[in-house]
Each structure stands twice: as structure tokens, then as C-alpha cells.
Amino acid sequence: MTAPPFLRAAVMTAVDTTVVETRPVPALAPHEVLVEVRSVGVCGSDVHWYRDGRIGSTRVEDPLVLGHEASGVIVAVGAEVRDSRVGHRVALEPGVPCGRCGQCRSGRYNLCPDVRFFATPPVDGAFATHVALSSDFAHDVPDALDDDEAALIEPLAVALWAARKAGIGIGDRVLVSGAGPVGLLVLQVALAAGAEVCVSDVAAERLAVAADLGASTTVDPRSDPLPADRTVLIECSGVAAAIRAGIAALAPAGRAVLVGMAADGEVTLPLDVLQSREISLTGTFRYANQYPDAIALAASGRVDLRRLVTSVHPLGAVHDALLLPGRDRAALKPMVHPQQDEMTTA
Ligand SMILES: [Zn+2]
Ligand SMILES: [Zn+2]
């Protein structure tokens with residue numbers, strides 16, 4: 001395998017606008033690999049950048065390549081990387097930290113202030129035929145995982161990190177609020193850890209998937225009460241009312257982990273519940289050191305990543321893939337296959 005001179009990238013040039021561009025393949029730093037991208041999942045954050053042009057106070061100012069849930073095959077290596085890595089199928093961990101600051105040296109590299117994360121301005125993402133990445137962040141995947149599953153190791157790492165923050169184990173009664181892709185993955189991780197899981201959401205289609213994947217109860221909180229006495233809340237919706245109701249459903253000494261991002265960044269919380277029941281409450285930001293375990297968990301078959309894949313699109317249809325989740329509640333993960341001919345439709 002050799003590196004081509006040019007790559008093709010789907011570039012967001014303005015809100016709701018994508019242009020496929022030909023660009024030179026970047027020169028590899030000594031520790032980098034060049035990956036031929038095979039599959040990229042569309043994430044809610046990609047959709048926010050694309051539709052709103054911003055997340056919180058960070059704006060898309062310049063042309064940006066979106067996509068951070070990616071897999072592919074290594075086709076070239078930098079001077080300090082073993083040649084034997086060429087040909088390896090890999091899941092791409094999209095955030096490369098500095099490796100030197102206090103947070104990095106403490107193992108919490110997700111909190112590195114200098115992390116460079118795919119598809120977060122000004123760092124380009126993976127909706128492209130090729131990307132360069134630090135070799136240590138291109139994780140080998142076994143053949144038990146196909147290219148889509150390898151791409152979805154990224155949201156699985158988010159789910160695994162959240163489940164571990166909550167210390168989920170045998171005997172836990174978990175409430176997952178929000179049955180989007182991350183919620184459905186948290187559900188599966190919690191089941192694999194031996195917990196019993198209730199899932200709440202307002203979309204019947206998504207609750208049906210949750211039931212299918214093994215949730216013992218599914219609840220639409222608009223019409224039914226949440227079960228009480230939960231030991232763990234993993235909040236994946238970011239909706240203020242869901243955060244409050246989820247905390248209120250916790251038993252004394254319950255643990256709450258907030259994964260979903262609140263739209264306006266500020267939410268009123270029931271402090272009387274937090275205090276009188278000694279609830280532990282934390283947020284999560286991405287993940288650190290989760291890829292190897294996420295890959296092993298998916299390869300073991302205990303987490304079904306394929307169940308999340310709802311459509312596949314060629315590179316020229318990134319725009320359609322980004323609009324789908326907003327149009328169809330049943331669209332969990334549109335996947336982009338950058339090697340597919342741009343004129344074909346899947
Ligand atoms: Zn994501
Ligand atoms: Zn750092």
C-alpha cells in the first residue's frame with residue numbers, strides 16, 4: 001500500500017453547506033500514520049456544528065471537515081512508526097492530547113487543555129478519504145468487528161467512560177435517560193456489567209430499540225412515572241426536565257452522571273434531593289484510556305454496535321447524512337463511507 005498524493009474531503013464551507021474538495025495528502029509527522037478512512041459515524045455534535053455553526057461559545061469560523069467517529073486501514077507510516085503497522089485495520093481515537101501537561105500525566109488526557117480533537121474548530125475531522133493521526137491513537141481492531149462497528153468504538157468509549165464514572169456493577173438499578181446512540185450504548189454496557197436498566201425517552205421508536213437491546217423497562221416520561229429507587233442515573237438527553245426527574249428518581253447514596261449537553265449550559269437542580277440523599281453528581285467529557293476495553297467489549301459480542309447503524313452514505317452525500325438525524329427520530333447513526341464513489345447512493 002502506498003499513500004496517494006491527493007485526498008478528497010467533504011468540507012463544511014458554511015452552515016448547511018458542504019463541498020467535496022481535493023487536497024494534497026499531508027506530510028506525516030514522525031509519529032503519525034496515514035489512514036484510508038472506511039467508515040465514519042455522524043454524531044450529534046457534527047449535526048450541531050453543521051446546523052448551528054456553533055456549540056456553546058465555540059464557532060465554526062473557517063472551512064471545517066466534520067466527522068470524528070472513524071475507522072480505516074493504515075496505508076503509510078511516519079519515520080518513527082513500525083512499517084508492520086501498514087495494512088492494519090484501526091479504530092481512530094479522535095482526540096490527541098499534548099501528553100505533557102498535568103492532566104495528561106495524571107492519565108486524564110481528556111481534560112488536556114491542548115487536546116486536538118477531530119472536527120472541533122480549527123481541527124479537521126474524518127469525512128475524507130484519508131486522515132493523518134498519531135500512531136498511538138490508531139487502535140488495531142480484530143476482524144470480528146466490521147468497519148462500521150470499528151468507527152462506533154468512539155461513542156462506545158463515551159458510554160464506557162460514563163458507566164465507569166458511575167461505578168456500575170452487579171445489582172445496580174440504572175436509569176438511562178435519553179435513548180439516542182450514547183444512551184443505547186450505556187444501556188448495553190450497564191447490562192454487560194450486570195446491572196438492571198430502565199430507559200426513558202420521548203421517542204417510541206427509540207424506546208423500542210432499547211427494549212430490544214435488553215432494557216427491563218422503557219418509559220415515556222410524558223405519560224408514565226419514572227421508576228423510583230434507582231442506584232444510578234446516566235443522563236444522556238441534556239434536557240433540563242429529564243435531568244431533574246432523573247435525579248429525583250435516585251435512591252439515597254445514588255450516583256448521577258451527566259453525559260448529555262444541556263442546550264443553554266445552565267439547569268436548575270433539586271438541591272434538597274442531592275443533599276438529603278447524599279447523591280454523587282458528576283459530568284463527563286469524552287473519555288480517556290477506553291479504546292482497548294471498548295474494542296474488546298464490542299468484539300466479545302456483548303455490545304451490538306450494528307444495531308445503531310441506520311443508513312450508509314457516500315462522501316458526496318455527507319450533507320444528507322448530517323440532516324437525517326434532525327428529520328427522522330428513527331435515524332440513530334447515519335454512516336459515511338468515504339471510499340464509496342461519490343456518485344453512487346447507498
Ligand atoms: Zn461523537
Ligand atoms: Zn496535555
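Reader: Is Cys43 buried or exposed?

Author: Cys43 is buried, because its relative accessible area is 17%. Buried means under 20% relative accessible area, exposed means over 50%, and partly exposed lies in between (1.4 Å probe, protein chains only). This is a predicted model, in which local features need pLDDT of at least 70, side-chain atom pairs count only at pLDDT 80 or more, and totals for chains, interfaces and linings use all residues. Residues are numbered from 1 along each chain as its sequence is written, chains are lettered from A and ligands numbered from 1 in the order written, and side-chain values use heavy atoms, with hydrogens and water left out.

Reader: Which residues coordinate the zinc ion (ligand 1)?

Author: A donor is an N, O or S atom within 2.8 Å of the metal (3.2 Å for Na, K and Ca); since water is not among the atoms, a site may look incomplete. For the zinc ion (ligand 1), the coordinating residues are Cys43 through SG, His68 through NE2 and Glu69 through OE, at 2.1 to 2.7 Å. Their spacing in the sequence is C-x24-H-E. Cys43 and His68 are 25 residues apart and link distant parts of the chain: Cys43 belongs to the loop between β3 (32-41) and α1 (44-52), and His68 to the loop between β6 (64-65) and β7 (69-77). The labels refer to DSSP runs numbered from the N terminus: helices (H or I, at least four residues) and strands (E, at least two).

Reader: Is His68 buried or exposed?

Author: His68 counts as buried, because its relative accessibility is 5%.

Reader: How many disulfides does the structure contain?

Author: A disulfide is a pair of cysteine sulfur atoms within 2.5 Å. A search of the whole structure finds zero of them. Cys236 illustrates this: the nearest cysteine sulfur belongs to Cys43 and is 12 Å away, and Cys236 is in no disulfide. Another cysteine, Cys101, is buried with a relative accessible area of 18%.

Reader: In what order do the strands of the open sheet stand?

Author: Strands of a sheet pair through backbone hydrogen bonds, either parallel or antiparallel. Two strands count as paired if DSSP finds at least two bridges between them. Here an open sheet of three strands runs in the order β2-β1-β6, and its pairing is antiparallel. β2 and β6 are the edge strands, each with a single partner, so one side of each has no neighbour in the sheet. Two bridges join β1 and β6 in the antiparallel sense. Met12 is opposite Leu64, a residue of β6.

Reader: In which sense do strand β13 and β14 pair?

Author: Strand β13 (residues 173-177) pairs with β14 in the parallel sense, over five bridges. Leu175 has Cys198 in β14 as its bridge partner. Strand β14 (residues 196-200) is largely enclosed by the rest of the structure, because four of its five residues are buried.

Reader: Which residues does a cis peptide bond join?

Author: Pro121 and Pro122 are joined by a cis peptide bond, with omega about 5°. Pro122 occurs in the loop between β10 (116-117) and β11.

Reader: Where does Ala245 lie?

Author: Ala245 is part of helix α7 (residues 240-248). Ala245 is partly exposed, because its relative accessible area is 32%. Ala245 and His337 are 92 residues apart along the chain, and 39 Å separates their C-alpha atoms.
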